[in-house]
Amino acid sequence: MLDFFLKNRWIVLVLLLGLVAGGIYTMLHLNIEAYPDLTPVQVVVTTETPGMSPVEVEQLVTFPIETSLIGMPGTQVVRSASKLGLSMITVVFDDSTDIYLARQLVNERLGEARARIPAGLEPQLGPLATAFGEVYQYTVQGQNMGLMDVKTIHDWDIRYDLRTIPGVSEINSWGGYTKEYTVEVDPLTLQRYGITVHDVVQQVSANNANFGGGFIEHNEEQYTIRGIGRTLGIPDLGRIVVKSHNGVPVLLKNVANIVERPYPRQGAVMRDGKGETVCGMVIIVKGANGNNMIKAIKQRIAQLKLPPGVKVLPFYDQSTVIDATIATVKHNLIEGSILVLLVLLIFLANWRAALIVASVIPLALLFGFAGMAAFGVSANLMSLGAVDFGMIVDGSVVMIENAVRRLEGDEGEDAGVREKVRMAAHEVARPILFGVAIIIAVYLPIFTLQGLEG
């Protein structure tokens with residue numbers, strides 16, 4: 001084999017150029033993220049159960065859904081948690097299961113579970129994301145604006161705008177106050193008019209909807225008929241007719257006080273000890289390129305058209321970890337190449353030999369990128385940190401050192417340069433092969449690890 005490649009050096013050059021081109025292409029398109037995704041293939045099913053105690057949630061919601069999800073193909077474990085007003089079930093699948101297939105299987109089983117739980121409850125699949133997908137967090141501050149107004153801007157403008165970015169799974173929101181229109185009825189007034197609370201609820205619901213009435217053709221044109229009944233604010237709510245009393249319509253504002261109030265909350269967000277604020281977290285889809293996603297998020301935030309005085313201030317940016325990891329790899333690559341050059345120049349006193357050995361470092365790194373892409377391994381803090389620049393040049397050092405010794409020695413004086421290199425390669429080829437094989441054998445047990453350990 002050695003003789004063949006020495007006689008056909010152009011084949012080696014073509015393969016080398018192919019390795020360089022393929023490695024660079026793979027490097028530019030490799031998924032880059034801060035941390036490796038160590039979460040298993042799992043699907044989370046959540047069900048909101050307002051007013052139910054944990055015992056009722058367990059008996060009426062969690063148990064029926066959990067028993068419906070048992071026995072699906074590739075299932076490892078099904079675990080659940082029942083809390084006040086919330087049921088959460090996690091289904092863990094084999095690592096070889098496609099996440100979209102897993103979600104489809106769960107969604108099919110939920111059709112059966114819906115018939116076994118109380119009416120009005122709707123189980124929902126959790127987002128297609130993991131804890132490592134929390135790549136960007138920010139706060140929203142508005143000058144001379146209340147927390148309710150800032151929360152409204154975030155939930156109805158910023159949040160939906162960021163969700164249009166391909167690869168964004170969810171935008172979580174915390175802090176502030178969620179605006180809510182509340183109807184505070186007066187019991188004495190209801191009693192005087194003979195109206196019940198049920199009448200108020202029914203009329204408010206029935207009078208807050210649009211409806212269609214077909215169309216009218218006139219002068220070769222078609223006009224759509226619509227009934228506009230959806231309320232747009234407190235004045236519209238106040239004009240809803242609740243009941244007729246002695247031929248006089250009783251309006252909602254006559255029996256109730258209609259005001260804007262914050263929705264009840266169970267937590268708050270503060271920043272730098274300067275009071276409460278509104279916080280948002282961008283969660284990307286599992287397997288998305290974290291580095292590219294963060295760039296797209298920053299670009300979209302810069303393009304947001306916000307009211308005067310409203311600012312989006314980041315406080316967690318995962319790209320800082322990604323940039324630091326990439327900088328460390330570059331630093332190690334440059335330092336490793338320089339160190340190899342210096343050592344070989346000192347001990348071999350041959351700059352050509354030193355350059356040949358040093359070139360193995362970036363070539364091995366490009367080959368490693370190709371292997372990472374082939375096995376679906378992203379470039380992250382763990383995978384890039386595992387690259388060992390000292391071990392990959394061992395075989396090259398031995399081969400080049402023996403070639404230099406042959407070329408500068410008295411053995412085979414009548415032989416040409418190519419013949420001396422061939423003889424030197426034959427002498428150390430087998431020891432190098434066995435040395436590399438021993439290194440691989442040491443790591444073979446690690447390759448057999450499965451699941452989270454793998």
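Thr 90 contacts (heavy atoms within 4.5 Å) Gln 42, Val 43, Val 44, Val 77, Val 78 and Arg 79, leaving aside residues up to four places away in sequence. Thr 90 belongs to strand S3, residues 86–93. Helices (DSSP H or I, at least four residues) and strands (E, at least two) are numbered from the N terminus. Because its relative accessibility is 10%, Thr 90 counts as buried. Buried means under 20% relative accessible area, exposed over 50%, and partly exposed in between (1.4 Å probe, protein chains only).

The model is predicted: local features need pLDDT of at least 70 and side-chain atom pairs pLDDT 80 or more, whereas totals for chains, interfaces and linings use all residues. Residues are numbered from 1 along each chain as its sequence is written, and side-chain values use heavy atoms, without hydrogens or water.

Helix H2 spans residues 9–29. Its buried residues are Ile 11, Gly 23 and Thr 26.

The largest nonpolar core has 33 residues. Such a core is a set of buried Ala, Val, Leu, Ile, Met, Phe, Trp, Tyr and Cys residues joined through side-chain atoms within 4.5 Å. Tyr 136, Tyr 138, Ile 158, Leu 162 and Val 282 have the most contacts inside it. Elements giving two or more residues to this core include strand S5 (134–142), helix H5 (147–163) and H12. Another core, of 23 residues, lies apart from it and includes Val 41, Met 72, Val 78 and Val 285.

Conventions
Expected span 1.5 Å × (residues − 1).
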